[in-house]
Every structure is written in C-alpha cells, then in structure tokens.
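Dear colleague,

I am handing over the structure below, and after it I set out what was found. Please read the text with the model open beside you.

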Amino acid sequence: MKRNLKAILLAIEMPKAMLLFCVASWLFNMSPKVQQIQLGIPSGLMGADIDSAIAGWLAMVLLPVAYAGYILSRFSRMEPFLILRLQTKRKAFLYRFCCCTACMLLYVILLVAPLLASCGLDAVICAAMLLFLEEVFWMLAYLSFCLFMNTISAGACVLMLVTGCYMACKHIPAAEQFVPTTWGMYCRTKSMFTEGALFGVFVLRLILSCTALFGIDTWICTMKKGKG
C-alpha cells in the first residue's frame, strides 16, 4: 500500500515539475552570459553587474523552493491521509522531504545538462553536485519554517534569508567563505578561481550543514507533532 501511495503522488507531481523545470532550464541556457550564472557568481563583480548576477542566481536557486511550496500546500491538506498510510507523522514529514528532493534533483540535472556543450564533464558534474547540495540546504531551511507557519510565509522568510545573505556578502566580502549562499558556486572553487577553496571543502561544508539541519528538522517535527 505504501508503495502504491508513493507511486500515485509522484505520478501526480512529477510531470508538472518536468514541464516547469524544462522551461526554466531553457530560460537559463538562452545565452552564454546567463549560463555563467549556473556556475555561480564570480568574485570581483561591481555595481550593476553583481546586482544582475545575484538576481539571476536567486531566481535559479529559489525556483525549486517555490515549486516545493505548491507541493507542500497540497500535502498539508492530505496530511491526515499520509499519516494514516505512513503510520507516523515523522514518516509523513520525511516523505514530503523526499518528494521535494526528487524534484530538486530533476531540476539540477535539466539545468546543467546543456553546459556539457561548453564545459567539461568533470566541471558539469562538480557544478551539479554543489548546486544540488545547496538546493537541499535551502529546502531544509524552508521545511524548518513550514513547521511553524504556512507555506507562503515560510517561502517569504527563505527569500529574505537567502537575499540577506547575498547582500551581506556583497558589502562584506570577507564573510563569503562563512555564508552557505556561496558554498554551492562552482566558480568559487580553485578549479575556476585561483584564490578559491578546494572543491572538497565546499562539498564537506554543505553536507555537514544539510546533515545538521536535517537532524534538527526531524527532531522538531517529532517534538512538535508527536510520533504517532
């Protein structure tokens, strides 16, 4: 029964995600200038250049979070049914996270695949890994807010949080290495930027952050909503 439920829900949501993410991938691959955003925001940009780069990166990174809000708003109405089928509220929470993660993985693959024509396979794989891990991080942040407020308010909070982090990095460049918003940018690694950090450092930071946030989320869900 559980497998049938998962198959039904994914069948309902994934075709819509495929269409939306295909359109987004096409938009972000219309010109070489936009393609650079998929690898991150290069350091040293000034004035209007960095503002446009930040706007492009935010639009790209937050699209899956916005779509997740649509999924979660539907799941919230189906929560009693999910809990009944999955037996516990914690499992229902974890299932919502897995559905969002599946959509994010699809989005990242579609987004970076066209870069194979202009970048090497290794660079594309590394960029996809960093971008996916950052998407997971912000999705977990979004789910954290969703535990205490509705999906629209949670989305607004994540938008302000991500934008605030980028604005802080813009005015305080020394803070970039400590802020998660730049950890998902492949162009900040030594592979593309001489003064950047090792690729493994970015991966380790994101994995540790995601692990900690995932643990906190599941604990809050258990304590707030109960195990049963």
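Helices here are DSSP runs of H or I with at least four residues, and strands are runs of E with at least two, numbered from the N terminus. The buried residues of α6 are Ala 154, Val 158, Val 162, Cys 165, Tyr 166 and Cys 169. They lie on the same side of α6 because they cover an arc of only 100 degrees around the axis, the arc being that of the directions from the helix axis to the C-beta atoms. An α-helix has 3.6 residues a turn, so residues three or four places apart point the same way.

This is a predicted model, in which local features need pLDDT of at least 70 and side-chain atom pairs count only at pLDDT 80 or more, while totals for chains, interfaces and linings use all residues. Residues are numbered from 1 along each chain as its sequence is written, and side-chain values use heavy atoms, with hydrogens and water left out.

At the start of α6, a side-chain oxygen of Asn 150 comes within 3.2 Å of the backbone nitrogen of Ile 152; a polar contact is a pair of N or O atoms within 3.5 Å, where within protein one must be able to donate a hydrogen and the other to accept it, and residues adjacent in sequence count only if both atoms are side-chain atoms.

Helix α5 (residues 121-146) has 26 residues and reaches 37 Å from its first C-alpha to its last, close to the 38 Å expected, the expected span being 1.5 Å times one less than the number of residues. Of the 26 residues of α5, 20 are buried.

In the largest nonpolar core, which has 67 residues, those that touch the most other members are Trp 57, Met 60, Leu 131, Met 139, Tyr 142 and Tyr 166; such a core is a set of buried Ala, Val, Leu, Ile, Met, Phe, Trp, Tyr and Cys residues joined through side-chain atoms within 4.5 Å. At least two residues of this core come from each of α1, α3, α4, α5, α6 and α7, and α5 gives the most, with 17 residues.

Val 61, in helix α3 (residues 47-86), counts as buried because its relative accessibility is 1%. Leaving aside neighbours within four places in sequence, Val 61 is in contact (heavy atoms within 4.5 Å) with Leu 131, Glu 134, Glu 135 and Trp 138. Val 61 and Val 162 are 101 residues apart in sequence, yet 9.5 Å apart in space, C-alpha to C-alpha.

Thr 182 is placed in the loop between α6 and α7 and is buried, with a relative accessible area of 4%. The side chain of Thr 182 reaches the backbone oxygen of Val 179 at 3.2 Å.

Finally, the structure holds 2 aromatic pairs, which are rings of Phe, Tyr and Trp (its six-membered ring) with centres within 6.5 Å, counted as stacked with planes under 30 degrees apart, edge-to-face over 60 and tilted for the rest. The rings of Phe 97 and Phe 214 have centres 5.3 Å apart and planes at 50 degrees, so this pair is tilted; Phe 97 is in helix α4 and Phe 214 in helix α7, 117 residues apart. The rings of Phe 137 and Trp 138 have centres 5.1 Å apart and planes at 80 degrees, so that pair is edge-to-face.

With best wishes

Note on methods
Buried means under 20% relative accessible area, exposed over 50%, partly exposed in between (1.4 Å probe, protein chains only).
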